[in-house]
Amino acid sequence: MNIEIPYKIYLEESEMPKQWYNVRADMKNKPAPILNPATLKPVTVEELSPIFCTELAKQELDETTPYFDIPEEIREFYKMYRPAPLVRAYCLEKKLGTPAHIYYKFEGNNTSGSHKLNSAIAQAYYAKKQGLKGVTTETGAGQWGTALSMACSYFDLDCQVYMVKVSYEQKPFRREVMRTYGAQVTPSPSMKTEVGRKINAEFPGTTGSLGCAISEAVEAATTQEGYRYVLGSVLSQVLIHQTVIGLETKAALDKYGIKADMIIGCAGGGSNLGGLISPFAGEILRGEADYDIIAVEPASCPSLTRGRYAYDYCDTGKICPLAKMYTLGSGFIPSPNHAGGLRYHGMSSIVSQLYDDGIITARSVEQTEVFKAAEMFARVEGILPAPESSHAIKVAIDEALKCKETGEEKNIVFGLTGTGYFDMVAYQKYNDGEMSDYIPTDEELEKSFATLPKVE
């Protein structure tokens with residue numbers, strides 16, 4: 001019997017996840033341990049605690065606990081914007097003339113405009129519970145900084161944000177939202193920190209990178225009493241919090257008896273991708289189901305598709321722990337394009353291990369094609385997507401068109417991580433025909449690979 005699928009599939013509040021999922025518990029090949037940069041030995045909770053909140057440090061290193069209870073205070077906050085809808089893209093399907101069924105999980109229905117709030121509120125909660133004065137962080141396109149400023153305002157915590165300079169200049173309105181919520185926003189690399197001054201001296205006129213901003217934020221946290229550093233992506237703790245996305249997505253599909261064939265997500269540091277795919281990857285790992293999972297990254301910063309799987313520093317200043325991940329090198333400075341939050345030099349160790357084991361695949365796409373897909377989506381679905389999300393849209397459209405050629409009725413699910421209303425400079429460049437594609441050369445990447453640390 002055919003069941004008519006509504007445009008938007010909503011879960012009831014009572015159906016919201018009460019636990020986060022830790023996919024590492026089901027991984028036979030666990031991600032390699034993160035290393036202390038001084039000793040090159042696996043870090044301990046005690047060594048991480050001066051940087052991260054203690055409870056978050058425990059989550060970071062836990063690879064055996066499959067589920068973590070979501071504290072009641074966080075679940076109550078989630079109710080302001082969750083459950084998030086799973087939308088059937090009927091209009092996009094009609095535009096493409098495809099027999100495929102396209103669904104997207106929309107994470108932009110909160111003031112921060114993205115999925116980032118899912119982890120921001122969790123990290124702010126644990127900081128408040130620990131009795132801290134405030135937190136420091138970095139932000140690329142600004143979604144994470146916006147989300148964290150909201151969360152810190154909710155818990156009355158000080159929030160210090162180091163924003164990648166190119167985004168600080170391109171997205172002044174994102175910066176002002178952060179300031180409205182009480183955050184102090186500094187363009188990175190800055191002259192406020194020792195590592196910032198060092199990076200500015202080594203790379204005069206640099207437009208910055210997430211690696212630079214991370215270094216500054218960590219230094220700021222460790223040199224101020226009562227502060228800790230929090231991160232919006234890459235780390236395992238963040239992927240755990242973001243699994244609320246995938247758990248809701250799977251529950252919504254199950255509600256209508258829909259079996260996804262393909263799950264697609266944009267990939268920068270790995271937080272939204274990992275959060276979306278973890279429950280599905282878990283089923284693959286347990287031998288319960290099979291899915292085609294695709295990570296989509298910008299051709300300008302292709303860590304999965306062209307990077308090396310090796311231990312590397314998570315930051316440009318080389319003061320953070322080392323992680324084994326697909327990386328372009330911690331000193332890699334991507335071109336100042338509009339990939340926004342996807343401009344990180346490495347990839348989550350969890351996502352990297354899943355990719356290396358063949359559980360997921362990866363593709364890289366150029367930004368002009370990304371914005372072409374974004375424009376089509378905006379015109380037919382009525383949502384202006386973030387540039388990051390549009391990477392997933394591009395590949396979802398490609399796959400739907402393949403179904404048009406073959407006649408296959410695949411169920412394609414992708415993550416729409418947020419809205420692009422603060423990204424209008426990028427859309428202006430595209431509309432004016434001034435957007436170009438930059439792909440790093442093999443020689444540039446080899447130069448960066450040469451700086452990878454030698455870890456036995």
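Let's start with a pair of side chains. E76 and K79 form a salt bridge, and their closest N and O atoms are 3.0 Å apart. How exposed is each partner? E76 is partly exposed, with a relative accessible area of 37%. K79 is partly exposed as well, at 32%. One caution before going on: this is a predicted model.

Why can such pairs form? Side chains of opposite charge can pair when their charged atoms come close.

How many salt bridges does the structure hold? The total is 22. I'll take a few of them.

Next pair: E15 and K255. Their side chains meet in a salt bridge at 3.1 Å, N to O. Buried or exposed?

Now helix 15. Here E375 forms a salt bridge with R379. The closest N and O atoms are 3.3 Å apart. How are these two placed in the helix? They are 4 residues apart in helix 15, residues 367-381, so about one helical turn separates them. Look at the exposure of each end. E375 has 23% relative accessibility, so it counts as partly exposed. R379 has 66%, so it counts as exposed.

Stay in helix 15 for one more residue. V370 is also placed there. At 0% relative accessibility, V370 counts as buried, the cut-off being under 20%. Where is Y309 relative to V370? Their C-alpha atoms are separated by 26 Å, and the two residues are 61 apart along the chain.

G275 lies in helix 12. G275 is buried, with a relative accessible area of 0%. G246 is 29 residues from G275 in sequence. In space, the two are 5.7 Å apart, C-alpha to C-alpha.

Back to charges. Which residues are linked in a network of salt bridges? They are R82, K105, E107 and E248.

There is also a patch of negative charge on the surface. Which residues gather in it? D261, D290, D292 and E408 do. Take D290 as the example. D290 sits in the loop between helix 12 (271-285) and strand 11 (292-298). Its relative accessible area is 57%, so D290 is exposed. The cut-off for exposed is over 50%.

Now the whole chain. What is it built from? The protein chain has 18 helices and 15 strands. How does its overall size compare with a globular protein of that length? The radius of gyration is 20 Å, close to the 23 Å that the globule rule gives for 456 residues, so the chain is as compact as a globular protein of that length. The C-alpha atoms fill a box of roughly 65 × 50 × 45 Å, taken along the principal axes. How much is buried? Of the 456 residues, 62% count as buried. G275 and V370 are among the buried ones.

To recap. The structure holds 22 salt bridges. Another, E375 to R379, spans about one helical turn. And the negative patch, D290 included, is on the surface.

Key
Residues numbered from 1 in each chain as written. Predicted model: local features only at pLDDT ≥ 70, side-chain atom pairs only at ≥ 80, totals over all residues. Heavy atoms only, no water. Patch = residues over 30% accessible without salt bridge, like charges linked within 9 Å, V, L, I, M, F, W, Y side chains within 5 Å. Areas by Shrake-Rupley, 256 points an atom, 1.4 Å probe, with all protein chains shown as cover. Salt bridge = Lys/Arg side-chain N within 4 Å of Asp/Glu carboxyl O. Lys, Arg positive; Asp, Glu negative; His and termini not counted. Charge placed at Lys NZ, Arg CZ, Asp CG, Glu CD. Buried < 20%, exposed > 50% of the residue type's maximum accessible area, 1.4 Å probe, protein only. Rg over C-alpha atoms; globule rule 2.2 N^0.38 Å.
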